[in-house]
Amino acid sequence: MTDFQPADYGYMAKALRLAKRGVYTTHPNPRVGCVLVKSGAIVGEGWHRMAGEAHAEINALAMAGEEARGSTAYVTLEPCSHHGKTRPCTDALIDAGVAKVIAAMGDPNPSVSGSGFDMLRNAGIEVSAGLLQAEAKALNEGFMSRFTRGRPFVRLKIAASLDGRTAMSSGESQWITGVAARQDVQRLRAASGAILTGVSTVISDDPSLTVRDESIDTDGRQPVRAILDSQLKMPLSARMLALPGSTLVFCVDDSNRQPLENAGAEIHLVPANAGRPDLEAALRKLAEFQINDVLVEAGPVLAGSLVSADLVDELVIYQAPHMMGSETRGMVTTPDWLALDHRLDLDIVDIRKIGKDIRITARPQ
């Protein structure tokens, strides 16, 4: 393993902080930061802001100018080696005369993976990788998931009372949590490539599933709205159909697709599972649309189905300081869990107070 020095960790940590600036805007590209260091001083830094714009390395090189020659580049992801919407970063680093590249991790994209490092080494540039790799992977879990598993990273959001209830028996659920928690959800939406829900939620709540908090800089990007609708029962008057952004509807019977298409939806036929859209097939289709992260905002049936199918990577549960009683709806409906050993073990990775509510972030073990 490469023997990194204390200073190396500091420079890579700065590169990771730069990369985080693109959390709401880089989709579907990864979040990447770069720091150029020469003679113990930072001479250039940059981050990738948006797909189609300059990558982190290019921005850092532009800042450094001639000082880039002989410098060390700390970059959070293997520099790209292929021509896309922008010039390969490997070529730019080579032409600038960078002497060494330290990367946090390799790129899981098959069109890059390993080839970026090879091109740099073949040009005589020293290359090391693995510095703060876990932190870099955590920053791009969705991007990693899309290329390594063929589906997006799935985050299930649940708003519940302290006794774990999500709606009254009538379906009334607005608002269980407070303003601060709802604003926090806006940030989850902004960081997601798509928001997934079922047609029952569309019919009962008529949600917009958009980022409405103007303080969050998404540069105008709205997450894709993904709706599971077996028989295309989605109302033509659904609010989301008239809003900016795309609405994708996944069904198992598209014989009546024309009215919804005319209303602005994109209809996609997927395989059926017990008469409903196969969940994994729908997620894989979203990956084909370059969706890295999916936020699920759904009722207990769809939430339970995703959990039961082992398709949830993270749960974000907002619990409000009140109790709603027994004649209410729970967090998830899992009819096949009949014994204690059927329970899902979770690893709680974060607990914090959001306004008057508590936010629990947990991952299936």
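This is a predicted model: local features need pLDDT of at least 70, side-chain atom pairs count only at pLDDT 80 or more; totals for chains, interfaces and linings use all residues.
The peptide bond that joins His 27 and Pro 28 is cis, with omega at about 5°. Pro 28 belongs to the loop between helix H1 (6-20) and strand S1 (33-38). Gln 290, which is not a glycine, has a positive phi of about 65°. Its position is in the loop between helix H10 (279-288) and strand S14 (293-296), and Gln 290 is partly exposed, with a relative accessible area of 41%. A positive phi also occurs at Asp 310, a residue other than glycine, where the angle is near 60°. Asp 310 is placed in the loop between helix H11 (300-308) and strand S15 (314-320). With a relative accessibility of 57%, Asp 310 counts as exposed, because the cut-off for that class is over 50%.

The second largest pocket holds about 730 Å³ of space. Its lining comprises 24 residues, of which Val 23, Arg 155, Leu 188, Ala 191 and Glu 314 are the closest to the centre. Two or more lining residues come from each of H1, helix H5 (133-139), helix H7 (179-190), S15, strand S17 (346-354) and strand S18 (357-364). Sorted by class, the lining of this pocket contains 13 charged, nine nonpolar and two polar residues.

Ile 348 is a residue of strand S17. The relative accessible area of Ile 348 is 48%, so this residue is partly exposed.

The structure contains 21 salt bridges. One of them is formed by the side chains of Arg 359 and Asp 184, with an N to O distance of 2.8 Å. This pair links distant parts of the chain, since Arg 359 lies in strand S18 and Asp 184 in helix H7, 175 residues apart. Both partners fall under the 20% cut-off for burial: Arg 359 is buried at 14% relative accessibility, and Asp 184 is buried at 7%. Arg 359 and Asp 184 also belong to a network of salt bridges that links them with Arg 187, Asp 350 and Arg 352. Helix H7 and strand S18, the elements that hold Asp 184 and Arg 359, are among those that give two or more residues to the lining of the second largest pocket.

A further salt bridge joins Asp 206 and Arg 239, whose closest N and O atoms are 3.9 Å apart. Asp 206 is partly exposed at a relative accessible area of 25%, and Arg 239 is partly exposed at 44%.

The side chains of Arg 257 and Glu 261 meet in another salt bridge, at 2.8 Å from N to O. Arg 257 counts as partly exposed, with 25% relative accessibility. Glu 261 is likewise partly exposed, and its relative accessible area is 28%.

Terms used
Residues are numbered from 1 along each chain as its sequence is written. Side-chain values use heavy atoms; hydrogens and water are left out. Helices (H or I, at least four residues) and strands (E, at least two) are DSSP runs, numbered from the N terminus. Buried means under 20% relative accessible area, exposed over 50%, partly exposed in between (1.4 Å probe, protein chains only). On a 1 Å grid over the protein atoms alone, a cavity is a set of points where a 1.4 Å probe fits but cannot get out, and a pocket is an open set with protein on both sides within 12 Å along at least five of seven lines; lining residues have an atom within 4 Å of a point. Grid points are joined across faces, edges and corners, and a volume is the space filled by probe spheres set on the points. Ala, Val, Leu, Ile, Met, Phe, Trp, Tyr, Cys and Pro count as nonpolar, Asp, Glu, Lys and Arg as charged, and the others, Gly among them, as polar. A salt bridge is a side-chain nitrogen of Lys or Arg within 4 Å of a carboxyl oxygen of Asp or Glu.
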